[in-house]
Amino acid sequence: ELSVGYEALSFAYLKSGSNEKAVKILLEALQKFPDEVTFPYSLATIFYDSGEFLKAENYFHNVLSIQSDMISAKHALAMMYEEMNDTHRSDSLFLQMIEQDKNDAVRRNDYAYILSERDKISPEELNFALELATNALAIEPENPAFLDTMGWIYYKLGTYKIAKEYLEKSLSINDNNPVILEHLGDIYLKLNKSAEAVNIYEKVLQIDSENQFIKDKINKINE
């Protein structure tokens, strides 16, 4: 029997929205091919996407017991820990990945952004995030997501004019990303540029017309 058959069948079930059938097939495959990394990884991803974090964690660990250096599994597990507010284990995994590859710009950027988004973050942690984002940008200076991260960290540091420069450059490369647009709108507000902020927020609504959070921001400006 070939493992690829199970892989194709589980993918077909997933595509049609039959997650339970996909899980059943993947569990069968895992029994028959315990050293194949694909099956526990697929199970981990399904459970992660459905919010069943403990099951997902179990299968991510299964993946890493087969292939300990699999970055995509470590990255997904770190992101999941962050969602679970288990920042200690999220930090540990991100630091491992960064140490593992000095030229991994994506992990540096993602970790920097995650740090900047935490509710309780010290100035020291924000400065560490800035260092990570700077390193990521040195590797890929024209990456709009990296420019956004850099600008957002400067926003969190209260350095709004520098933040604006990074966000405007990011949007000059990718002008229809709603997250980047919202960030620039928030920066314009801090710089007392309300009309520019509304203009940017309205561009977000052109992409995501049901975004109530953005509608509330516009209403608050117009009060």
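The model is predicted, so local features are reported only at a pLDDT of at least 70 and side-chain atom pairs only at 80 or more, while totals for chains, interfaces and linings use all residues. Residues are numbered from 1 along each chain as its sequence is written, and side-chain values use heavy atoms, with hydrogens and water left out.

**Overall fold**

- The chain has 13 helices and zero strands, where helices (H or I, at least four residues) and strands (E, at least two) are DSSP runs numbered from the N terminus.
- Along its principal axes, the C-alpha trace of the chain spans about 65 × 40 × 30 Å.
- Of the 223 residues of the chain, 43% count as buried, a word that here means under 20% relative accessible area, with exposed meaning over 50% and partly exposed lying in between (1.4 Å probe, protein chains only).
- Among contacts between residues at least 6 apart in sequence, 44% join residues at least 24 apart, a contact being heavy atoms within 4.5 Å.

**Aromatic residues and the nonpolar core**

- A search of the whole structure finds eleven aromatic pairs, in which rings of Phe, Tyr and Trp (its six-membered ring) have centres within 6.5 Å, and planes under 30 degrees apart count as stacked, over 60 as edge-to-face and the rest as tilted.
- The rings of Phe 33 and Phe 39 have centres 6.2 Å apart and planes at 35°, so this pair is tilted.
- Phe 33 counts as buried at 17% relative accessibility, and Phe 39 is buried with a relative accessible area of 0%.
- Leaving aside residues up to four places away in sequence, Phe 39 touches Ser 3, Tyr 6, Glu 7, Leu 26, Ala 29, Leu 30 and Phe 33.
- Phe 39 is also one of the residues that touch the most other members of the largest nonpolar core, which has 68 residues; such a core is a set of buried Ala, Val, Leu, Ile, Met, Phe, Trp, Tyr and Cys residues joined through side-chain atoms within 4.5 Å.
- Tyr 41, Tyr 48, Phe 53 and Phe 60 form one aromatic cluster.

**Helices H5 and H7**

- Helix H5 (residues 71-83) and helix H7 (residues 105-117) pack at an angle of about 5°, with their axes 12 Å apart; axes are lines fitted to C-alpha atoms, for helices over the stretch in contact, and angles run from 0 to 180 degrees between N-to-C directions.
- H5 and H7 are therefore roughly parallel to each other, since angles under 35 degrees count as roughly parallel, over 145 as roughly antiparallel, 65 to 115 as roughly perpendicular and the rest as oblique.
- The contact is made by Ile 71, His 75, Met 79 and Glu 82 of H5 together with Arg 107, Asp 110 and Ile 114 of H7.

**Single residues**

- Asn 85 has a phi near 60°, a positive value in a residue other than glycine, and Asn 85 is found in the loop between H5 and helix H6 (87-100), where at 65% relative accessibility it counts as exposed.
- Asn 192 also has a phi near 60° and is found in the loop between helix H11 (178-190) and helix H12 (194-207), with a relative accessible area of 70%, which makes it exposed.
- Tyr 160, in helix H10 (residues 160-173), is partly exposed, with a relative accessible area of 23%.
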